[in-house]
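Hi! I'm passing you a structure to look through, with a few notes on what turned up in it. Could you open it first and keep it beside you while you read?

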Amino acid sequence: MINFKEELSALEAKGLRRRMRFASSACGRQIIIDGKKLLNFCSNNYLGLANDSRLKKAAIAAINRFGTGSGASRLVSGSNISHKRLEEKLADFKKQEACLVYPSGYSANLGIISALAGRGDIVFSDRLNHASIIDGIILSRAQLVRYPHKDIKELERLLERNNAAVGADLCVCPKQRQKKLIVTDSLFSMDGDIAPLPELSRLAEKYDCLLMIDEAHSTGVLGKSGRGALEHFGLKADKRIIQMGTLSKALGGLGGFVCGSRDLIDYLVNRSRSFIFSTALPAALCASALEAVKIIEKDKSRIQRLKENADFLRDGLRSLGFDTLNSQTPIIPILTQDPRRTMELSQKLFEKGIFVQGIRPPAVPDNLCRLRVTAMATHTKKDLEFALSVFKEIR
């Protein structure tokens with residue numbers, strides 16, 4: 001039997017025990033935590049849409065028509081026209097043939113990867129990919145091959161070695177062709193850097209792999225129109241490319257999705273267990289996400305403001321001597337290394353009116369603890385300058 005007190009004490013001793021803080025306000029540039037009003041610099045609400053009146057109006061209208069719950073899985077009675085409209089809009093937004101919506105981004109990654117790969121197949125995964133990607137690979141029972149973060153040369157060496165092994169009948173059943181999948185975050189959620197998609201796309205074509213891109217933090221953030229990393233690099237989607245994403249970050253709601261070929265989406269409807277066996281996303285969340293995409297399409301100024309705010313904040317933190325790794329985006333890590341020091345700094349920021357959470361293992365590797373600072377499009381210049389003044393004070 002597990003002694004939970006002992007396990008928790010061990011975490012406490014290492015500075016790794018987690019405790020939740022509860023907000024009593026909406027998630028915006030300001031937030032109220034434990035009765036204290038703070039500037040919010042640790043949200044994934046990048047475009048500030050989570051409390052937008054237009055999204056709330058769309059959600060309320062959907063509740064009035066469809067109720068609060070969907071009542072069943074999509075293949076029973078849970079599908080309604082809200083899902084269809086959102087999926088059509090997301091497919092158009094991502095420039096792919098079709099789309100499928102999941103209850104969450106985590107369940108999307110589990111369901112997509114475990115449907116695409118199985119025993120005898122192989123998945124090449126960036127070492128810093130999100131936990132949901134790793135869990136999806138483990139669930140698939142495919143062979144997991146991790147390559148060093150963004151290391152294209154090493155990935156190609158691993159792909160070549162796999163090809164040689166297949167040729168020698170070491171890795172694949174002779175009756176079944178081995179499936180190969182390269183999976184990467186496009187914007188890495190803890191480091192804030194961007195995957196080298198042009199090179200990954202080249203390798204996927206050269207070695208006959210599918211390329212799955214986790215666009216959770218890229219949708220609404222990267223690209224002039226917020227369409228994600230493919231737009232950022234000027235790449236076009238094709239049948240080899242699979243784009244996964246979430247509705248819960250820049251789109252301000254909850255849910256996951258995948259865009260790809262029509263055949264891929266039909267296949268996932270039939271084989272993706274987390275889609276088949278989960279209750280459908282409520283219509284209200286579909287409606288609010290649909291409204292968010294429409295807003296992004298009509299008003300690109302939010303994306304530009306987000307970039308400007310992120311650049312200003314990142315440059316300011318670097319000028320103060322903080323190590324922000326290779327961040328290129330609104331996700332700006334401040335490397336602190338030690339877990340106890342990380343949480344002490346987080347608490348000092350809290351006391352001075354800045355909400356930034358500390359990130360410790362297992363979310364990041366040992367000795368790579370950090371404060372994960374995020375910019376929002378709705379932060380004002382005054383907000384950013386105040387935050388930098390507090391960081392200077394605690395430095």
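Let's begin with the lining of the largest pocket: by class it has 11 nonpolar, seven polar and eight charged residues. (Ala, Val, Leu, Ile, Met, Phe, Trp, Tyr, Cys and Pro count as nonpolar, Asp, Glu, Lys and Arg as charged, and the others, Gly among them, as polar.) Before going on, please remember that this is a predicted model, where local features need pLDDT of at least 70, side-chain atom pairs count only at pLDDT 80 or more, and totals for chains, interfaces and linings use all residues. Residues are numbered from 1 along each chain as its sequence is written, and side-chain values use heavy atoms, with hydrogens and water left out.

**The largest pocket**

How big is the volume of the largest pocket? The value is about 720 Å³. (On a 1 Å grid over the protein atoms alone, a pocket is an open set of points with protein on both sides within 12 Å along at least five of seven lines, and lining residues have an atom within 4 Å of a point. Points are joined across faces, edges and corners, and the volume is the space filled by probe spheres set on them.)

In total, 26 residues line this pocket, and N129, H130, S189, M190 and A363 are the ones that lie nearest its centre. Two elements give two or more residues to the lining, namely helix 6 (131–140) and strand 13 (369–374). (Helices, H or I with at least four residues, and strands, E with at least two, are DSSP runs numbered from the N terminus.) Helix 6 gives the most, with three residues.

**The second largest pocket**

This one has a volume of about 580 Å³. Its lining has 22 residues, and R18, R19, M343, Q357 and R360 are the closest to the centre. Helix 14 (339–351) and strand 12 (358–359) each supply at least two lining residues. With four residues, helix 14 gives the most. Sorted by class, the lining of the second largest pocket has 10 nonpolar, five polar and seven charged residues.

**The cavity**

How many cavities of 30 Å³ or more does a search of the whole structure find? There is one. (In a cavity, a 1.4 Å probe fits but cannot get out.) The largest cavity has a volume of about 40 Å³. Look for R74, H83, V101, Y102, P103, F275, S278, T279, A280 and L281, which line it. By class, that lining is six nonpolar, three polar and one charged.

**How some helices pack**

Helix 13 (residues 301–319) and helix 15 (residues 381–394) pack at an angle of about 20°, and their axes are 10 Å apart. (Axes are lines fitted to C-alpha atoms, for helices over the stretch in contact, and angles run from 0 to 180 degrees between N-to-C directions.) The two helices are therefore roughly parallel to each other, as angles under 35 degrees count as roughly parallel. On the helix 13 side the contact uses N309, F312, L313, G316 and L317, and on the helix 15 side K381, L384, E385, L388 and F391. (Contact means heavy atoms within 4.5 Å.) The contact of helix 13 with helix 15 has six nonpolar, two polar and two charged residues.

Next, helix 5 (residues 105–116) packs against helix 6 at an angle of about 35°, with the axes 8 Å apart. Helix 5 brings Y106, N109, L110, I113 and S114 to the contact, while helix 6 brings S132, I133, D135, G136, I137, L139 and S140. These residues divide into six nonpolar, five polar and one charged.

Helix 2 (residues 53–66) and helix 12 (residues 283–298) pack at an angle of about 150°, and their axes are 8 Å apart. From helix 2, the contact takes in R54, L55, A58, A59, A62, I63 and F66, and from helix 12, A283, A284, A287, S288, E291, A292 and I295. By class, the contact of helix 2 with helix 12 has 11 nonpolar, one polar and two charged residues.

**Two backbone details**

Most residues other than glycine have a negative phi, and most peptide bonds are trans. The peptide bond from P361 to P362, though, is cis, with omega near 10°. You'll find P362 in the loop between strand 12 and strand 13. K150 is not a glycine, yet it has a positive phi of about 60°. K150 sits in the loop between strand 5 (143–147) and helix 7 (152–167).

Happy browsing!

Notes
Angles under 35 degrees count as roughly parallel, over 145 as roughly antiparallel, 65 to 115 as roughly perpendicular and the rest as oblique.
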